[in-house]
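Good morning, colleagues. Please look at the sequence and the structure on the screen while I take you through a sheet and some ring contacts.

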Amino acid sequence: MPATGPQSFDVRASSETSDPASLPYALVKLAPEVVGILGHYTPTLSSAFADKTPPKAFRFGIGDIVSVTIFEAAPGGLFTSDSGVRAGNFVTIPNQAVDENGHITVPYAGIIQAKGRTPTEIQNSILDGLKARALEPQVVVALADQHTSLVSVLGDVRAAGRFPASPSGERILDAVARAGGPGNQGYDMWVSLERQGHRASVPFGALLYQPTNNIYVLPNDVIYLFSQPQTFVAFGASGTQGQFRFEAWRLSLAEAVGKQGGLNDAQADPGSVFLYRGETREVAERLGVDCRRFEGPIIPVIYIVNFRDPSGYFLAQSFEMRNKDVIFTSNAASVETTKFLNFLRTIMATANDPIIYATNGYALKAATQGAQTTTILTTPTPITTGH
């Protein structure tokens, strides 16, 4: 019989078949335990990047401009004179960049390692080189111009660019604010963070409504904002079939079913609503799926949702939809029976119609010729003719 998809018993039976021509999949019944496991694996920046602590002390890199000022306790020292031409017993060395070897040069202290070191560590090294020559020297090392330890903010922002990382620590939203804020305030906005070759993305709304995602940025992080509408597809005995946009940064299964117009009251089997999704092997194993018969890192999983059970609606409220999910609602068994009976009725009508037409023709001919009253039995009602 014509149908919009497989029957519920086909979905349940095919998961256990070993037909090599079929793509194997796993069936998982929606339950509170399943919702809890999936919630634990919801993509978040806080879990993707374990380092959520504020940035450590600033460290110089190659190309950074260093300022060094040396103080002495009295005039007439290594860097000061007795003439009193210059006020104060200090001298500021011309700013210099950390060279390709990671060094700077300080008169009488020699070559000082600067790359990867904090200002305090550099100060101590300079003091060690000057304490036998200068008069009770004190050294102040500062960052004159920052060329490394930058944070890049790109994509759909008003002023994309590279910004110096703040030594006091700033979070993702702070960095986005420095770039002028997002260019699009819609619910389709996503934020991607790349750090040391690892990348993770979350909806922009997750930074606002789940503060744990708004983690600290570190030097050399790349933040990319982009627009990507989230959609799902509805097939089968739904109110309306087609592709639907989330139109929100997060959507539950109950809201998705409502967006598709609910279930078709004349066709749907509420106990056979299926959600198709690819899960990672780790998640599938946590759900109790035997992954030995599957190949690859992604396991095809079909979740069974029972809306005949009143509690199924509570589960649907807490089950979070993901981009490109597919919802299929199977026809009720009675729908297929009705289709078959209509098919039989069509066959019987096809065979019976010529007899009815011939009988009606004979009756019409007898009536036009003025024949005696004749009663002809037809199907479904008798036809009586007479003068």
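I begin with a definition: buried means under 20% relative accessible area, exposed means over 50%, and partly exposed lies in between, with a 1.4 Å probe and protein chains only. What we have here is a predicted model, in which local features need pLDDT of at least 70 and side-chain atom pairs count only at pLDDT 80 or more, while totals for chains, interfaces and linings use all residues. Residues are numbered from 1 along each chain as its sequence is written, and side-chain values use heavy atoms, with hydrogens and water left out.

Let me apply the definition to one pair. Phenylalanine 226 counts as buried, because its relative accessibility is 18%. Tyrosine 224, at 39%, is partly exposed. These two residues form a stacked aromatic pair, 5.6 Å centre to centre with 15° between the planes. By definition, rings of Phe, Tyr and Trp (its six-membered ring) pair if their centres lie within 6.5 Å; planes under 30 degrees apart count as stacked, over 60 as edge-to-face and the rest as tilted. Ring pairs also bring in Trp190, giving a cluster with Tyr224 and Phe226.

How many aromatic pairs does the whole structure hold? A search finds 9. In one of them, tyrosine 209 and tryptophan 249 are stacked, because their ring centres are 5.7 Å apart and their planes lie at 15°. This pair links distant parts of the chain, 40 residues apart: tyrosine 209 belongs to helix H6 (residues 204-209), and tryptophan 249 to the loop between S13 and helix H7 (253-259). Helices (H or I, at least four residues) and strands (E, at least two) are DSSP runs, numbered from the N terminus.

Six strands form an open sheet in the order S1-S15-S14-S16-S12-S13, with mixed pairing. Strands S1 (26-29) and S13 (242-245) stand at the edges with a single partner strand each, so one side of each has no neighbour in the sheet. Two strands pair if DSSP finds at least two bridges between them. Strands S14 (residues 268-280) and S15 (residues 298-305) pair in the antiparallel sense over 8 bridges, and phenylalanine 274 stands opposite isoleucine 304 in S15.
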